[in-house]
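Student: Could you help me learn to read a protein model? I would like to start with helices and salt bridges.

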Amino acid sequence: MGKAKKTRKFGLVKRMISSRDGRLKKNLEKEAEASKKVEKDELVREIPQMASSIFFQYNEALRPPYSVLVDTNFINFSIQKKLELVSAMMDCLYAKSTPVITDCVMAELEKLGPRYRIALRIARDPRFERLKCDHKGTYADDCIVNRVLQNKVYIVATNDVDLKRRIRKIPGVPIMSCGTGKYVSLLSAISVSSKG
């Protein structure tokens with residue numbers, strides 16, 4: 001004869017709730033406190049709403065010589081594509097341009113380590129204009145967006161998709177990115193203002 005199966009009936013099994021179950025009151029309270037803490041700590045990444053009519057007007061503050069606010073990944077892509085920053089910017093804009101680099105971008109390049117030493121050497125070029133940062137932290141994307149919001153005299157040079165998305169919401173700020181063999185920019189604001 002075979003062995004008889006010893007199975008418990010479903011209703012007789014005592015159900016136990018683990019101490020980490022999300023339905024317990026103390027765990028619900030912990031999750032609520034954690035979400036409040038995250039909301040307080042997280043920076044506001046939304047840009048104030050502008051009038052929709054501004055999007056179709058040009059920025060009169062942009063005039064040659066252009067100040068191009070450079071991001072970390074823009075320098076890295078320029079090295080990969082073997083483009084010289086200043087001359088490629090002048091070829092793209094058809095005017096004199098000054099690359100501008102913030103302390104946050106320099107700190108980000110220094111944090112990346114020895115693999116990015118060429119990018120750091122390029123960023124320390126005396127032709128680059130340096131901007132001092134007076135805020136906490138070294139997150140370059142927030143720094144660049146705040147600079148552009150304060151005064152719209154910069155062209156933002158970046159290949160970062162998230163940063164491009166944030167800057168497109170700000171009217172009158174052109175974006176330059178590194179393409180294959182040359183720099184590409186959205187020149188709607190520049191081309192109109194340079195005619196006058």
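Tutor: Helices (H or I, at least four residues) and strands (E, at least two) are DSSP runs, numbered from the N terminus. The model is predicted, so local features need pLDDT of at least 70 and side-chain atom pairs pLDDT 80 or more, while totals for chains, interfaces and linings use all residues. Residues are numbered from 1 along each chain as its sequence is written, and side-chain values use heavy atoms, leaving out hydrogens and water.

Student: How far apart in helix α7 are D162 and R165?

Tutor: They are 3 residues apart in α7 (residues 161–168), so about one helical turn separates them. D162 and R165 also form a salt bridge, with the closest N and O atoms 3.2 Å apart. That term means a side-chain nitrogen of Lys or Arg within 4 Å of a carboxyl oxygen of Asp or Glu.

Student: Which parts does the pair E110 and R124 tie together?

Tutor: E110 and R124 meet in a salt bridge at 3.3 Å, N to O. E110 lies in helix α4 (residues 103–111) and R124 in the loop between α5 (117–123) and β3, so the pair ties together parts 14 residues apart in sequence.

Student: Is D125 buried or exposed?

Tutor: Buried means under 20% relative accessible area, exposed over 50%, and partly exposed in between (1.4 Å probe, protein chains only). At 18%, D125 is buried, whereas its salt-bridge partner R127 is partly exposed at 46%.

Student: Why is strand β2 largely enclosed?

Tutor: Because 6 of the 6 residues of β2 (residues 97–102) are buried, the rest of the structure largely encloses this strand.
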